[in-house]
Amino acid sequence: MAELLAPAGNIESLDAAFGEGADAVYMGLKSFNARLRTTNFAWNQFEAAVEAAHRRGKKIYVTVNTVCEEWETERLYRFLAYLDKVHPDGLIVQDFGIIRMCQEFFPNLELHASTQMNVESAAATKLLIKEGVKRVVLARELNLEEIKAIKEETGADLEVFVHGALCVSESGLCLFSSFLGGKSANRGMCTQACRRFYTAEVPGGERQGYYFSPCDLQLIEQIPDLMKVGVDSFKIEGRMKSAEYVGSVVAAYRYVMDHWEEDRKGAIATGKRILSSDFARSKTNYWYGFKSLDEGVDNAGAKILNPDQAGGTGIYLGKIQKTRKADDSVIEQVLENASPDTPPEQLRIKMALLSGGSYDPDPGDSIRLHRKDDTGRESHKVRTVEIENNGERWIDIPGGFSIGDSVYLLQTKTAGKRYNHVLPHDIGKYRKQPGDERLPILDLTPVANKELAYAPDGLYAQVSSIPDVFAVQGLHPVRLILELNSEVLADLLEHKTVLPFSKKQIFLSLDPFISSSQEKSIAEIIDGFIKEGYTAFVANNVAHLQIFKTYKDKINVIAGPYLYSFNRWSASWLENQNATSFIMPYENSRRNLEATFETSVRSRVIIPVFAYPSLFRMRFKLPSDYDFTYFEDKEGSLFKVNSTTDGSFVMPEQPFSILDKVQFLQQSGFKKYLVDFSKTKVSKSQIKAIMTSLQKGQPLPDTSRFNWKDGFYSPQKMEEYKAAAQRAAENPGPRPSPRGKSQNKGKRSSYTKRK
């Protein structure tokens, strides 16, 4: 029997999930999870939940599904050691470094590959299972036949999302939020750029809309078919949703899963009636129902995108017109019922008057508030309604919201239920917490003599079209990276053009999305190129690493920017998959780059110094009425979109550039740098400007540093900085010396215990 897996963003949702029949829940703790903006569980709550769930024959999975920087690895090690003692049923992970760390130190922790790991093929699934991963959470952009093929070929334990919010970008490949301000989706800090209101330049003027805000997924009608093909776990999205939402969605899917064999049509009808109180966005079955891959690419975008649909969730209740102080009795009620870890801002309750909606919320209704500048969203349960003599209706709202912010209805009181508590009343006996264990030092493999002869020091150039191969000759690159898209493939396979670079001077770069319906043809194409004499390939998906294992001694594998190597443990794992070089992720910072790769291995790293990074990567063409290339947000930042047979790509009009830092990089031991023209056309003026910047060390105008200088936004780091500053003010004294560097210990990555 397949598992029904529900979200538990708080204690109430945990009660609702198990109360309605979920077999398992997934939850996050205070760090290393992709929903840092939700409440999450305290240490003692989590420990109690695991014990209580196991008594009920239920399971608890922990989300550790973010990429980690080098400075966090010791804290990560302590966190994993803590989880190893509490014994949850599985860890949902994205960072390859966690796999590597668990292989070395925590083999008893069961690992599930997060959808953020971007797995959509049998090849990727096989490699991960071989590496000790027990379950794979497949990307959402797959259809029934693709899922069936993966199950038949691998027999692996597969988890599939069946309900809840969708990401418009392919799983794990969204850089938009990070580009806007360091709040990376790969770090649990997504600011939902896809839900924003944009102005597009269309023929004859401008048009506004929520162009990239997708509908919500609903696959309740597909549950019987998914059960037939052998899906092991059905996952409901919603750790930021209310307990009422979780309860009703679990109840609907539980009913269909239990009754479809006796009455498929009736079971689905009942399930849909239960879901009728879900006031979320309009629903879509996304990639289901298409007869071919090409049909899906052509039409999936129209199935999930509606520019006239507001990015908000639920029934629109209006905007906040006025606010005022709440009565002390209301504030006391909130404080009495709040959990210990409720953010202080949520406890600063005030009253608000709404206007512009068509429904008046009642006590017990669940609402969601959206700041007008798109900087935050928050769910809240209405506790009190005050009606003035003039008919004005005031409701309580959390702090942090003000006049002009929008409010939506998520769930009505009548849909709510009281559930038995999963956690015991007294959780004082649960006292486990991460300790102070020291992470053994890991040393990456030293560079062997002539090992990197295929990748000389100097400037690399990457392009997406054959004409641009000729255009970048003016940069005199030591190597050309050529993207293998449909257009380039057609030219190379038919030998249409004689390129101005030899095969050994060309690195062929593979697309980061490779579905089960594509992997056979891609494997055959790779085999053909190797036979023709190409010897270097850029891998951007775990599937590529698996395919390349067949040619271990014939080719050189470069881990591309989408195989995220943000710490030396992830780099070590990639190294063990035969990657000998690394292209730095576009999101990375100077500080983290230097911390990850010590001087002895910096010759392995290729650093992008100029790029138009793809902020969204979508597995479909945009709808036919999206007749624009350029669009801008409320701040006036300009972006461009490129819709092709290989999918659609959103890029900034303002490129990322650290061209003026190349001299510094060389002095620091980084000798390989990349000018990346992917998904854009190369011009002579660009080539000239880039060469001038490189030669004179001058910044290019109208460019972005991305995260190079400031790094990722990190609430935890901000708190550490504040605490350190306070300690320094209270106890002035000498600063501790940095830890000493270790020596390399062997041919492959090694580690040594601290003394």
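Guide: D660 is buried, with a relative accessible area of 13%, where buried means under 20% relative accessible area, exposed over 50% and partly exposed in between, for a 1.4 Å probe and protein chains only. This is a predicted model, in which local features need pLDDT of at least 70 and side-chain atom pairs count only at pLDDT 80 or more, while totals for chains, interfaces and linings use all residues. Residues are numbered from 1 along each chain as its sequence is written, and side-chain values use heavy atoms, with hydrogens and water left out.

D660 lies in the loop between strand 32 (656–657) and helix 20 (662–667); helices (H or I, at least four residues) and strands (E, at least two) are DSSP runs numbered from the N terminus. Leaving out residues up to four places away in sequence, D660 touches S693, G697, Q698, P699 and R705, contact being heavy atoms within 4.5 Å. With one of these, R705, the side chain of D660 makes a polar contact, side chain to side chain, at 2.8 Å. Such a contact is a pair of N or O atoms within 3.5 Å; within protein, one must be able to donate a hydrogen and the other to accept it, and residues adjacent in sequence count only if both atoms are side-chain atoms. By contrast, A81 is 579 residues from D660 in sequence and 43 Å from it in space, C-alpha to C-alpha.

N143, in the loop between strand 6 (135–137) and helix 6 (144–154), has a relative accessible area of 14% and is buried. Its side chain reaches the backbone nitrogen of E145 at 3.1 Å, and, neighbours within four places in sequence aside, N143 is in contact with W287 and Y288.

A side chain also reaches the backbone at the start of helix 18 (residues 568–575), where a side-chain oxygen of N567 comes to within 3.0 Å of the backbone nitrogen of W569. Helix 18 is mostly covered, with eight of its eight residues buried, among them W569, W573 and E575. Together with strand 25 and strand 26, helix 18 makes a right-handed β-α-β unit, right-handed meaning that, with the strands pointing away from the viewer, the path from the first strand over the helix to the second runs clockwise.

Strand 25 and strand 26 (residues 579–583) pair in the parallel sense over three bridges, two strands being paired if DSSP finds at least two bridges between them, and A559 stands opposite F582 in strand 26. Strand 25 (residues 556–559) is also joined to strand 24 (residues 536–539) by four bridges, again in parallel, with V538 opposite I558. Between strand 24 and strand 25 the chain crosses through helix 17 (residues 542–548), in a right-handed β-α-β crossover.

Three bridges join strand 28 to strand 31 (residues 647–652), antiparallel, and F616 stands opposite V650 in strand 31.
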